[in-house]
Amino acid sequence: MKILVADGVSPKGIEILQKAGFETVIKDKLPAEELLEIIPDFDGLIVRSASKVTKEVIERAKKLKIVGRAGVGTDNIDINAATAHGIMVINSPGGNTIAATEHTMGMMMAMARNIAVANETMQHGEWNRKKYTGVELRGKTLGVIGLGRIGSGVATRALAFDMNVIGYDPYVNEERAHSLGIKVVSLDELIKQSDFITVHMPLTPKTKGMLNKDNIAKMKNGVRLINCARGGIINEQDLADAVKSGHVAGAAIDVFESEPIDPNHPLIGLPGVTLTPHLGASTVEAQVGVSVDVAQGIVAALNGEPVSTAVNMAPVSPQTMKFIKPYLDLAERLGCTACSLADGPISEVTIKYNGEIADVDTKMITIAAIKGMLNPILESNVNYVNAPSLAKERNIKITEIKDKAVENFANLITISITSSDKTETIQGTLFGEEGRIVSINSYRVDVDPHARILICPHINRPGVIGTIGSLLGYANINISGMQVGKTKIAGTSMMVLTIDNEIPDTVMQQIINLDGIFDAKLVNYYTV
């Protein structure tokens, strides 16, 4: 597979991709026209903030499976277009957290104490001690808009400076905010009460221009603003006007609506304004961190594994991912098994979780089961991004059931697939971290679902199993394992054979026609 690195990233990430066997093409400062021209050749794409992954790019990327953003913000990527085409988008939400947090604190202090302009004038031989008298952070109220990783990091550091910290975030866990010493308030309250305001929100239609002339007018006289998040959240012209009027005493801005900024930008040259050229993530450590994060995510995704930092699917915490990861492969193989047993179009799928697993977020496990169910029957690639939409397109109803009650196993996944008014039910669990099928349509079995298996419900009488064994032997098909499961239905059993070779259709038909065989289904896990 080929990976295009469209913006400069740390060589550490490139090494990870190359060690995984991927061909890596580096195109730093790639023009938009060239990206459109070459993108059809690539399976993966890594960008930072410079390259724009537009809908047109997505539509031309016939082989593209994943886009990695070496950083946090993904506003330069058309997420909706990527999702519609089944392309996973991942980012690195933690790789540059410390760098952006520390830069925010540095910008706030530089602005409060006029460090940048004082240094500039000193370099020209001036001594303006009185002119650049600053203000202390101690005792001031800091309003933090957005209490994610970076916003929370800034808040905890500001508390160490004896600042009073209030925060606004419509999605915040208030209990966590309070545990950090942050008082949660409305946006209007934050705007009116704060001496310093720092922005840590993504750029969305709702946040674009969030701090405009109307909201700035509500702020305290002498307020100071910091934006090291995304350009466009603060209206730059409105901010410049407020600085000129004296209502805003200072601003520290690292990100801009259009980058690089025009030499005539309204904030350039204003007293009290500190500007940096998007340096929030520009530390040696952060560049390595985001590069490694994204490279590891791309390797995992292209190997068919889920990625916890995917932004166009339900996010999963590292703790949850650690618990559910062994179940993902199991669920996928259970889905594949159930699909292989189904006769006709699938109309409904019910996935039940029993035991401790019922306490965790199981959305990704459910998606894995859908992925495993659809992969054998669809020509298009089914992945963790497009599996739910593909099921919806086919009017397949997906139902999740959770029950902490347990019987024979501490944790159990049950998948029931309905097709042609008939339901097939498969159950599986983990033995350690190894997935096993433990029941097929109420027949108790112990099957390793990692190659191909032949499932044959049959009459429980002498000679039936031997006849199938002989038939496969004559066809030069090796049997490497066998299970015979019993059920409460008298006189019936379920034979499950692990097969080393494909079984030709002619041989399958001979098996089905054998006396005493109710049915025969081949499940090929190599499609998973």
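Biologist: What should I know before we start?

Modeller: It's a predicted model, where local features need pLDDT of at least 70 and side-chain atom pairs count only at pLDDT 80 or more, while totals for chains, interfaces and linings use all residues. Residues are numbered from 1 along each chain as its sequence is written, and side-chain values use heavy atoms, with hydrogens and water left out.

Biologist: How many helices and strands are in the protein chain?

Modeller: There are 17 helices and 22 strands. Both are DSSP runs numbered from the N terminus: helices are H or I with at least four residues, strands are E with at least two.

Biologist: Why does T274 count as buried?

Modeller: Buried means under 20% relative accessible area, exposed means over 50%, and partly exposed is in between, using a 1.4 Å probe and protein chains only. T274 has 12% relative accessibility, so it counts as buried. Its place is in strand 12.

Biologist: What does T274 touch?

Modeller: Contact means heavy atoms within 4.5 Å. Leaving aside residues up to four places away in sequence, T274 touches M107, A110, M111, A116, A251, A252 and I253.

Biologist: Why is one side of strand 12 left without a neighbour in the sheet?

Modeller: Two strands pair if DSSP finds at least two bridges between them. Seven strands form an open sheet with parallel pairing, in the order 8-7-6-9-10-11-12. Strand 8 (183-184) and strand 12 stand at the edges with a single partner strand each, so one side of each has no neighbour in the sheet.

Biologist: How do you know that strand 10 and strand 11 are joined?

Modeller: Pairing takes at least two bridges, and strand 10 (residues 223-227) has five to strand 11, running parallel. V223, for one, has V248 in strand 11 as its bridge partner.

Biologist: What makes strand 13 largely enclosed?

Modeller: Strand 13 (residues 346-355) has seven of its ten residues buried, so the rest of the structure largely encloses it. Strand 13 pairs with strand 15 (residues 411-419) in the antiparallel sense over nine bridges, and Y353 stands opposite I413 there. Seven bridges also join strand 13 to strand 14 (residues 397-403), and those two run parallel. In that pairing T350 stands opposite T399.

Biologist: What is a pocket, anyway?

Modeller: On a 1 Å grid over the protein atoms alone, a pocket is an open set of points with protein on both sides within 12 Å along at least five of seven lines; a lining residue has an atom within 4 Å of a point. The second largest pocket has a volume of about 370 Å³, where volume is the space filled by probe spheres set on the points, which are joined across faces, edges and corners. Of its 21 lining residues, the closest to the centre are N114, V117, P271, G272 and V273.

Biologist: Which element gives the most to that lining?

Modeller: Helix 6 does, with four residues.

Biologist: Is N114 buried or exposed?

Modeller: N114 has 17% relative accessibility, so it counts as buried. N114 sits in the loop between helix 5 and helix 6, and has a positive phi of about 55 degrees although it isn't a glycine.

Biologist: Where does P260 lie?

Modeller: P260 lies in the loop between strand 11 and strand 12, and a cis peptide bond joins E259 and P260, with omega about -10 degrees.

Notes. 1 Å grid on protein atoms, 1.4 Å probe; cavity = no way out; pocket = protein on both sides within 12 Å on 5 of 7 lines; lining within 4 Å.
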